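Please open the model in your viewer and keep the sequence panel beside it. The stops below are meant to be selected one after another.

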Amino acid sequence: GINAEYMGTINNPTYMGIQETISHRSDALTPIVLCTALGLIYILAFATRLFSVIRFESVIHEFDPYFNYRTTSYLVEHGWYEFYNWFDDLVWYPLGRIVGGTIYPGLMATAAVVYWGLHLINFTLELRNVCVFLAPFFASNTTLVTYFLGKEIKDKRTGLLAAAFIAIVPGYISRSVAGSYDNEGVAIFALLLTFYYFLKAVNTGSLFWTFCSVLAYYYMVNAWGGYIFIINLFPVYVLALVAAGQYSPRVYIVYSAFYPMATLLCMQVHFVGFQAVQSGEHMASAGVFFLLQAHAALNFVRHHLQPASFNRFLRFGVLSMGSLAALAIAVGVFTGYISPWTGRFWTLLDPTYAAKNIPIIASVSEHQPTCWSSFFFDLHCLVFLFPAGLYFCFRDLTDGSVFLILYGMTSVYFAGVMVRLMLVLAPAMCLMGGVAVSSLLTTYFKQIGFTEGKLNKVQDSRGTSAMVIIAGLTLMMWFYVRHCTWVTAEAYSSPSIVLAARGYGGQKIIFDDFRESYYWLSQNTPEDAKVMSWWDYGYQITAMANRSVLVDNNTWNNTHIATVGKAMASDEDTSYAILRKLDVDYVLVIFGGLTGYSSDDLNKFLWMIRIGGTLDPSIKEADYMSAKGEFRVDGEGGSKLLNSMLYKLSYYRFGDILTNQTQPGGFDLVRNSEIGKKDLRLQHLEEAFTSEHWIVRIYRVKPELNR
């Protein structure tokens, strides 16, 4: 009776009309909920990157961003024409640098356009603040692009979860916090935008979306050298579709239109130019383009020949075209038209290549291989969700899932080879995480009877297990949020230009030695003074002190850097001859022995020796080691180390300083040892300035004595 009454009720036309109305209202609420969620994610992505501004101030971080800020200031002040033809005589003395033709100008152009646009509407924001907040702004935009990319790969739920993941993932935040004014701040946005438009074009076969992907790729080429990843991933993706049996005319149309247009636009970037058709890094995309044309031609011929005739034609075509391609490649390589792979590219294929052949590349910390702990630190639970996402992608193989599989697997490899490329891996991990969590929640919500917004009675014990798994996923997400917030606040929101530490009483201590020293240089040295330092600090010196430097972070001239390394590693007499030859007026060194600042020059000294040894074979690393083969600064240190110019400039007057109540004077807090030489005297240099906490030490080079 109850069942009959119930069935009669639900079949009542009035009841069915009410249900239909409620259903329509629920559907109408879906876009509102979606837009609200995306809006909150957008705000979250921006707000979580402001820790550095709140805790310190609106300041530009690291080293490269200071060059970017300086070039942006020049662009805003002088305009496009002067910017592209700018010869900078403050850097790489006495060589200088043609800036417009040796940089990717996308970041500077973006900041300048934003600055001009804000001033056009009378919002007079200072250029420095535009640069400081540009990366968080583009990180917020990246969340929207990630949503659409995830939606294109699978569905809305996947896109929404991926957007939430990427909003706070530390692997991306590390290069997009407020003040991180570097190329990657806009490049990841351009990378994902190119992926979205290209995948949209493949799914629809539309030339409009293909053209959009070309424009996004052009912006990416302007922004970052990582565009090489795109132009090699797309041909691999096309080949994978062919191998997986998912090749279609849509793929042919999109790639055949994308490659020539993208290459032509790529060549318009001064720093790339003809490399787009000559360098080895671009040859894969060209090869797949011609392969697709051959495939299309064979398909055309197949429909006009008998099978036996076609097989003969196929054998002849494959042999002749293969021979012609091999001959063209051989001629291109031997004539030099096809340039060889760069050292950085070889390092991606062989992680030991740079250490063996190009120490200047190996000396850069962000070029080192990634340790396992870094993966968890920068990605947290996404590391465990990645395999699950792979499984669901392989289970439901589509054009989008094939692309995500290739993007994920290649980026995992490259991130393992070079820690800097964790930045490229983070979006792939977020998308894979979105696929995994979305698929798992959809599966297990069905098992507990939650469908179409209604929770029905659990049918069996599977529902209980499903609820446990859903609760576990929820807990994992909660830990992910906590971890990401902590990493962002503590690890990635401290500008290297301003240091902070805790005193014995827990009070916060600020070390502003870098800006103090650069200001001293700008106010107390002649405008034409030349400053020698290790290349790490070149960009900051020119941007903040406005003084000429011998080397900087561009690292394009190994001979120049090796000369500086030789000067640092040699005794004072030999170094003085090099300084006079290079017209050096001041020498700047970074020293952390008093404060415990571990990123000082003495901890980089072995790289100075190795790089200097490429210029002068007499400089051998073993000569600077102790009898046991250890790098020590105490009495057991190598004689050449204790007599080197860097050792003297770092420890001059340090022997009288008491750094630890339980240790004698001259105790180095970084190396945890008492220095081997305390009574150091300078003959050819004199101390000009030492910052408050001894982190920056500047010495004046004495003029030669009259003969």
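What follows is a tour that begins at a sheet and moves on to helices, rings and a loop.

This is a predicted model, in which local features need pLDDT of at least 70 and side-chain atom pairs count only at pLDDT 80 or more, while totals for chains, interfaces and linings use all residues. Residues are numbered from 1 along each chain as its sequence is written, and side-chain values use heavy atoms, with hydrogens and water left out.

**The sheet**

Select the five strands that form an open sheet in the order 8-7-9-13-12, with mixed pairing. Helices (H or I, at least four residues) and strands (E, at least two) are DSSP runs numbered from the N terminus, and two strands pair if DSSP finds at least two bridges between them. Strand 8 (548–549) and strand 12 stand at the edges with a single partner strand each, so one side of each is left without a neighbour in the sheet.

Next, colour strand 7 (residues 530–532) and strand 9 (residues 586–590), which pair in the parallel sense over two bridges; here valine 531 stands opposite tyrosine 586 in strand 9. Then move to strand 12 (residues 685–690) and strand 13 (residues 696–701), which pair in the antiparallel sense over five bridges. Glutamate 687 has tyrosine 699 in strand 13 as its bridge partner. The hairpin of these two strands has five residues between them, and within it tryptophan 694 takes a positive phi near 65 degrees.

**Helices on the sheet**

Contact means heavy atoms within 4.5 Å, and axes are lines fitted to C-alpha atoms, for helices over the stretch in contact, with angles running from 0 to 180 degrees between N-to-C directions. Helix 28 (residues 572–581) lies across strand 7, strand 9, strand 12 and strand 13, and runs at about 75 degrees to strand 13.

**A pair of helices**

At what angle do helix 20 and helix 21 pack? Helix 20 (residues 372–379) and helix 21 (residues 382–395) pack at an angle of about 90 degrees, with their axes 8 Å apart. That makes helix 20 roughly perpendicular (65 to 115 degrees) to helix 21. Show the side chains of Phe375, Phe376 and Leu379 in helix 20, which meet Leu382, Val383 and Phe384 in helix 21.

**Rings and charges**

A search of the whole structure finds 55 aromatic pairs, where rings of Phe, Tyr and Trp (its six-membered ring) pair if their centres lie within 6.5 Å, and planes under 30 degrees apart count as stacked, over 60 as edge-to-face and the rest as tilted. Select tryptophan 80 and tyrosine 84, a stacked pair at 6.5 Å centre to centre with 20 degrees between the planes. Both residues lie in helix 5 (residues 80–84), four residues apart, about one turn of the helix.

Go on to the charged end of arginine 49, which sits over the ring of tyrosine 172, 5.1 Å from its centre; this requires NZ of Lys or CZ of Arg within 6 Å of the ring centre and within 35 degrees of the ring normal. The charged end of lysine 508 likewise sits over the ring of phenylalanine 56, 4.7 Å from its centre.

Finally, select threonine 342, in the loop between helix 16 (307–335) and helix 17 (343–349). The C-alpha atoms of threonine 342 and glutamate 366, 24 residues apart along the chain, are separated by 17 Å.

Definitions and conventions: Angles under 35 degrees count as roughly parallel, over 145 as roughly antiparallel, 65 to 115 as roughly perpendicular and the rest as oblique.
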